[in-house]
Amino acid sequence: MSMNSVNADGQPPAPAGPPPGVPPTVPQGVPTAGSPAYAPPRHAAVPAATQDRTRQFTADVGALKLRAPKTMLDTQLMWLGVGLMVLGIGMGFGAYFMSHGTTLILTQNDAITLGISAIPVSLLGFALFLRFSLSTFMRFWLARLIAAQQTPQQGTADAGTDTTAVLPTTPAKH
């Protein structure tokens, strides 16, 4: 096919896409949200037994008298912990270079004090980070544990075994 090709009518062939400046369109036959052939996916109705279990679970969690999560404060304290860990490490490096950059004993003693004080700053930061980063995870874990104890386990179990001791972490393969 050459650059000067024409179709059977003697006209140049139509361009493959829309003309410049015109947005592309949906191919013909593909349903769109505005077309009558489009039907949004329907979700199955939730069985009444599931709704009853959900209400029971919500009531049981409410009866535990857990404090409500303060996610904004928890997040801020977690990042404060990260900042204190970084600050402690920076203080340690600063103390090292300060003590090795001078021959004056008094300045080196100040650097030792700074280096020793960096340890509790880093430990405090680590404790804050660990406590507030795990709090959300532990709330989820507690809710999962309660839900697992309320639902009957699949398969057969002896009367003397505790079926809630080992919780499945991956879905069963079918």
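Residues are numbered from 1 along each chain as its sequence is written, and side-chain values use heavy atoms, with hydrogens and water left out.

Q: What makes up the secondary structure of the protein?
A: The protein has three helices and zero strands, where helices (H or I, at least four residues) and strands (E, at least two) are DSSP runs, numbered from the N terminus. Along the sequence this gives the pattern α-α-α.

Q: How confident is the prediction, and where is confidence lowest and highest?
A: The term pLDDT is the predictor's confidence in each residue, from 0 to 100. The protein averages 75, and 54% of the residues score at least 70. Confidence is lowest in helix 1 (residues 48-63), with a mean of 73, and highest in helix 2, at 93.

Q: Why are helix 2 and helix 3 called roughly antiparallel?
A: Two packed helices are described by the angle between their axes and the distance between the axes. Here, the axes of helix 2 (residues 71-100) and helix 3 (residues 105-150) cross at roughly 160° and come within 7 Å. Axes are lines fitted to C-alpha atoms, for helices over the stretch in contact, and angles run from 0 to 180 degrees between N-to-C directions. Angles under 35 degrees count as roughly parallel, over 145 as roughly antiparallel, 65 to 115 as roughly perpendicular and the rest as oblique. The pair is therefore roughly antiparallel.

Q: Which residues form the contact of helix 2 with helix 3, by class?
A: They divide into 20 nonpolar, 12 polar and three charged. In this scheme Ala, Val, Leu, Ile, Met, Phe, Trp, Tyr, Cys and Pro count as nonpolar, Asp, Glu, Lys and Arg as charged, and the others, Gly among them, as polar.

Q: Why is Met91 called buried?
A: Buried means under 20% relative accessible area, exposed over 50%, and partly exposed in between (1.4 Å probe, protein chains only). Met91 has a relative accessible area of 17%, so it is buried. Met91 is found in helix 2.

Q: What does Met91 touch, not counting residues up to four places away in sequence?
A: Met91 touches Leu114, Ser117, Ala118 and Val121, contact meaning heavy atoms within 4.5 Å. The C-alpha atoms of Met91 and Leu114 are separated by 6.8 Å, although the two residues are 23 apart along the chain.

Q: Why does Gln108 count as partly exposed?
A: Gln108, in helix 3, has 22% relative accessibility and therefore counts as partly exposed. Not counting residues up to four places away in sequence, Gln108 touches Ser99, Thr102 and Thr103.

Q: How is Gln76 classified?
A: Gln76 lies in helix 2. Its relative accessibility is 45%, so Gln76 counts as partly exposed.

Technical notes:
Predicted model: local features only at pLDDT ≥ 70, side-chain atom pairs only at ≥ 80, totals over all residues.
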